[in-house]
Amino acid sequence: MRTTPANAETTEDVIDLLRAQHGRIRDLFDEVMNCEGAAREDAFRQLVKLLAIHETAEEEIVHPMARRLPGGDGIVDDRLAEEREAKELLAELDGMDTGDPRFLKSLDKLRVDVLTHARAEERYEFDRLKDEFSPAQLKGFAAAVRAAEATAPTHPHPGVESAAKNMLAGPLAAVSDRVRDMIRAARDKS
């Protein structure tokens with residue numbers, strides 16, 4: 001067991017990278033739940049972006065590797081179903097005012113779902129991938145995950161949960177999302 005968390009920016013192991021991102025996701029949920037106003041909005045925008053790029057990279061890189069494991073198809077299919085449900089709720093929240101009285105209740109449901117999903121990934125996928133692949137392969141997967149994240153959409157797109165769908169729809173969605181983010185940032189500065 002790990003005694004100190006990996007740094008997501010510097011780790012060369014894909015499993016350590018994804019676990020560190022899961023930790024950051026947990027922290028962002030706490031931050032959004034425990035602040036108000038502009039601070040909540042900012043933390044929520046960070047959370048949306050991290051969840052969107054993280055899940056895209058898992059769908060493009062990690063899940064296809066996990067399918068190679070004995071029983072991997074069933075494990076990955078379960079995770080993809082969870083991801084779709086989470087993306088649907090995240091998309092709903094992404095269009096909601098963070099000051100809306102319904103926001104925190106929906107966010108808490110998403111938090112429970114996402115953290116349960118992350119634990120399942122860590123237990124059923126990550127631990128087995130760590131045992132199955134060499135350190136050099138895990139390093140290569142980390143580089144591939146970072147490349148996928150660099151071009152991933154920054155908002156949820158329910159229905160795009162496979163590597164093939166991400167490769168087809170992802171680039172256009174990523175451009176659209178990044179333009180949307182720039183417009184929002186410019187609007188917020190004025």
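This passage describes the helical architecture of a predicted model, and then the surroundings of selected residues within it.

The chain contains six helices and zero strands, and its elements, read along the sequence, follow the pattern α-α-α-α-α-α. Of the 190 residues of the chain, 47% count as buried. Among the contacts in the chain with a separation of 6 or more, 74% are accounted for by residues 24 or more positions apart.

The pairing of helix α1 (residues 14–33) with α2 brings their axes within 9 Å, at a crossing angle of roughly 155°. Because this angle is over 145 degrees, α1 is roughly antiparallel to α2, and α1 passes α2 in a left-handed crossing. On the α1 side the contact is made by Val14, Leu18, Gln21, His22, Arg24, Ile25, Leu28, Phe29, Glu31, Val32 and Met33, and on the α2 side by Arg40, Ala43, Phe44, Gln46, Leu47, Leu50, Leu51, His54, Glu58 and Val62. When these residues are sorted by class, the contact of α1 with α2 comprises 13 nonpolar, four polar and four charged residues.

Helix α1 also packs against α4, the axes of α1 and α4 coming within 11 Å and crossing at roughly 165°. With that angle, α1 is roughly antiparallel to α4, and the crossing of α1 and α4 is left-handed. The residues of the contact of α1 with α4 divide into 15 nonpolar, one polar and nine charged.

A further pairing joins helix α2 (residues 37–66) to helix α4 (residues 103–132), whose axes come within 12 Å and cross at roughly 30°. Because an angle under 35 degrees counts as roughly parallel, α2 and α4 are described as roughly parallel to each other, and α2 passes α4 in a left-handed crossing. In this contact Arg40, Phe44, Leu47, Leu51, His54, Glu55, Glu58, Val62, His63, Met65 and Ala66 of α2 meet Phe103, Leu104, Leu107, Val114, His117, Glu121, Glu125, Phe126 and Leu129 of α4. By class, the contact of α2 with α4 holds 12 nonpolar, three polar and five charged residues.

His54, which has its place in helix α2, counts as buried, since its relative accessibility is 0%. Leaving aside its neighbours within four places in sequence, His54 is in contact with Leu18, Gln21, His22, Ile25, Glu121 and Glu149; the α1 residues that take part in the contact with α2 include Leu18, Gln21, His22 and Ile25, while Glu121 is one of the α4 residues that meet α2. Leu51 likewise lies in helix α2, and with a relative accessibility of 5% it counts as buried. Apart from neighbours within four places in sequence, the contacts of Leu51 are Ile25, Phe29, Leu90 and Val114. Of these, Ile25 and Phe29 are among the α1 residues in the contact with α2, Val114 is among the α4 residues that meet α2, and Leu90 is one of the buried residues of α3. Leu51 and His22, 29 residues apart in sequence, have C-alpha atoms 9.2 Å apart in space.

Helix α3 (residues 72–94) has 23 residues, which at 1.5 Å a residue should span 33 Å, and the distance of 32 Å between its end C-alpha atoms agrees with this expectation. The buried residues of α3 are Gly72, Ile75, Val76, Arg79, Leu80, Glu83, Ala86, Lys87, Leu89, Leu90, Leu93 and Asp94. In considering such a list, it may be recalled that an α-helix has 3.6 residues a turn, so residues three or four places apart point the same way.

Ala143 is found in helix α5 (residues 135–150) and counts as partly exposed, its relative accessibility being 46%. The C-alpha atoms of Ala143 and Asp13 are 8.8 Å apart in space, although these residues are 130 residues apart in sequence. Thr11, which lies in the segment before α1, is buried, with a relative accessible area of 11%. Between Thr11 and Ala143, which are 132 residues apart along the chain, the C-alpha separation is 10.0 Å.

Terms used. Residues are numbered from 1 along each chain as its sequence is written. This is a predicted model: local features need pLDDT of at least 70, side-chain atom pairs count only at pLDDT 80 or more; totals for chains, interfaces and linings use all residues. Side-chain values use heavy atoms; hydrogens and water are left out. Helices (H or I, at least four residues) and strands (E, at least two) are DSSP runs, numbered from the N terminus. The expected span of a helix is 1.5 Å times one less than its number of residues. Buried means under 20% relative accessible area, exposed over 50%, partly exposed in between (1.4 Å probe, protein chains only). Axes are lines fitted to C-alpha atoms, for helices over the stretch in contact, and angles run from 0 to 180 degrees between N-to-C directions. Angles under 35 degrees count as roughly parallel, over 145 as roughly antiparallel, 65 to 115 as roughly perpendicular and the rest as oblique. A crossing is left-handed if the near helix is turned anticlockwise from the far one by less than a right angle, and right-handed if clockwise. Contact means heavy atoms within 4.5 Å. Ala, Val, Leu, Ile, Met, Phe, Trp, Tyr, Cys and Pro count as nonpolar, Asp, Glu, Lys and Arg as charged, and the others, Gly among them, as polar.
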